[in-house]
Amino acid sequence: MQIVVSGVGVVSALGVGVEAHLEAIRAGRSGISKEPSVLRTTHRLPVGELRLTNDALKEQLGLPADQTVSRTALLGALAVREALADAGLQPHGRVGLVSATSVGGMDLTEHFFAPFMADDRSGRLRAVKMHDCAASTEWIAAQCGITGYRTTISTACSSAANALMTGARLIRHGVVDCCVVGGTDALSAFTLNGFKSLMILDSEPCRPFDEGRAGLNLGEGAGYLVLQRAEEVENPYCTLAGYANRNDAHHQTASSEQGNGAFLAMQEALQVAGVEPDAVSYVNVHGTGTANNDRSEGVAMRRLFGDRVPPFSSTKGFTGHTLAAAGGVEAVFSALMMRHGMIFPNLHFTTPIAELGLTPVQQLCEGVDLRCVVSNSFGFGGNCSSVVFTK
Amino acid sequence: MRCFVQRVMTDREVTTDLKQLIPDAAMRRRMSRVVKMAVSTAVECVGGVEQIDGLDTILTATGWGCLADSERFLRNLISEQEQLLNPTPFIQSTFNTVGGQVALLRHNHCYNVTYVHRGHSFEDALLDALMRAADGQGAQMLVGAFDEMTPSQHRIMERMGLFRTWKDGEGAVFALLTACQTEHSVAEVAGIDFPSEGLDAAAVHARYATDERTKVIWNDWSIAGCYPTASAQAFRKAVELIEQGTPEVIVYNAYQEASPAVIRVRWVG
Amino acid sequence: MTMEQLIQELKEHLIEELNLEDITPEDIDAEAPLFGEGLGLDSIDALEIILILEKNYGVRLANSAEAKPVFYSVKTLAEYVMQNRK
């Protein structure tokens, strides 16, 4: 059974919707800002923040400002709504939603917790009702009229790639006829401080795959795709031909020297797709900009592709690292690149990592024929997932 | 789709010393209570740490995730005003910590996913296992569910009025499943369904039972209290009933306001 | 505070903050490597040690290659604290 992408929707620091993204990327304009403006934090660090308040997001969704909704759910609903409209799909009982998130309603919980810590009778309860991950999925489904099978996946920064994989398998096994898949994560003080405590946030715009890279920029966003059986779709973006989930099993946070998880995930995903490594036109790398990830991922690419590493880029210089959403946002980017014959550039790159000698695509390419695209997403807990799109 | 249950175990049945189940002291010392509880149940369920090598699928389910570590990091963040924070509770707060730690114990590179869909998380993981088995990728699968109660969570749920009828709860349940029936198979997971509306006992029987002696178990939180993945406890009980001679058991789970989930468990002829 | 007292105190902080089970200060050889062999600490522990130095002694240390010799053993940590504490 062939499963295709029939619609896409995306929200990130670059704006709301596909058009805003294409426009920003064509103009070479990054969404990374010098410091947060919507998020409440004392840290003055670059972030990929969507410069719209929650009230502004609610307005776009036609909701009253006084409704309590997590930012994660708001971002997700905007992207799912766009993906469904793009696919021209009216949800029905056999349409599913597999959504990924890692922060869930943490943005609301943060506001609840300060008064709660002082006195456990205070803090508004409706702020914690959306704390758990499923709350965002269920709210998005209700907003968009999705009543079929719904679930939530959380495997840190690989979450949304796994949502794509689960969604495709649910269609194959007849659990649903059609599935909306992807992920959403809002910026939160929790995650910003978490990555700060790990000392892997760059105080400058991130430089994926550069010798001088000094960490990641945290981002926020949502990316969703509509997956359907090929025979039901007239003009799909691409086929979701392969996917794999393998575990690096090296360390709770650090990637292995040999890039084992990344290598196994890419290798198996290509096998599932029935594609030889030589036939890959482009790799959208995980490329966070941390010393450890980019080196490990680069080693894995060298192991798989040898001297013929295909054109590749990390798009995190545009969006920041959107955590659980990254696999969704970047799958949307992959689908867009295939449809429009483009390769999005890797920003802020000057010098290849010495031991790897790998140079990403640095200028926007247009008029390219991408037949096969690999998108990587790796996370804490050793989770490594790759998806393969073909045309 | 179907798969077979080799063993199913709860945290309360773990008898082996923690240091034997989790031999790596460096891993042990960072683990919170729930991670220790879940990982030790997982390891005992598969039959010792070396048996992790044989797994080709690791699926975990949790409604709340690692609450204590999430809360610890959040409290520090607020009280220390975002300065000099210890990264360990942040790292350990991710929902896939337990699945990752099980893999890490023996450097197992296999498929590893965590479902976090509130009261359905366990059924979602079980559905994934059924799909793995159907695809010929589930020769040895570990599927488990865990949640922990913390004083803050208890207080919040109390304020929400959730304990008017039920006491709070927590627990870990892990099952070792196989795609093919073996001499050690104790039950068959014969199907999972997510009906769109709530059903009463008669309707459950009418829709799912294939035998007049079929028993229906309601996930009523009577086994280990009220928590999101408590239906795994009901699943454990279903397997027990099969072992005692019931030919078929239906586990019906409706957690809070969520739409229901149904697991059908059968004896292996 | 003498060097010996500081070494003892650092050992106690390490045991407490890194949750080293079944280990007493006497079990830690002040000159043995902290990472890899010896206590077998890793990159996350390095971050926690940076916090121990900053919180207790006001000593700031970046997590960089230059800092590596400082992290070698309890003794090298103590020497660094002695030189840089406020």
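I began with a definition: two residues are in contact if their C-beta atoms, placed from the backbone, lie within 7 Å. This is a predicted model, where local features need pLDDT of at least 70, side-chain atom pairs count only at pLDDT 80 or more, and totals for chains, interfaces and linings use all residues. Residues are numbered from 1 along each chain as its sequence is written, with chains lettered from A and ligands numbered from 1 in the order in which they are written.

**Entry 1: chain A and its partners.** I looked up chain B against chain A: 46 residues of chain B touch 47 residues of chain A. On the chain B side I found 23 nonpolar, 16 polar and seven charged residues. (Ala, Val, Leu, Ile, Met, Phe, Trp, Tyr, Cys and Pro count as nonpolar, Asp, Glu, Lys and Arg as charged, and the others, Gly among them, as polar.) Chain C meets chain A through five residues of chain C and six residues of chain A.

**Entry 2: the main core.** I looked for nonpolar cores, sets of buried Ala, Val, Leu, Ile, Met, Phe, Trp, Tyr and Cys residues joined through C-beta atoms within 7 Å. Buried means that 20 or more other C-beta atoms lie within 10 Å of the residue's own. The largest has 221 residues, and Val251(B) is one of those with the most contacts inside it. Domain 1 (3-178) and domain 2 (187-266) of chain B both contribute, so this core lies between them; the bounds come from an automatic or database domain assignment.

**Entry 3: another core.** Apart from that one I noted a core of 17 residues, including Leu10(C) and Leu77(C).

Definitions and conventions:
Buried ≥ 20, exposed ≤ 12 C-beta atoms within 10 Å, placed from the backbone.
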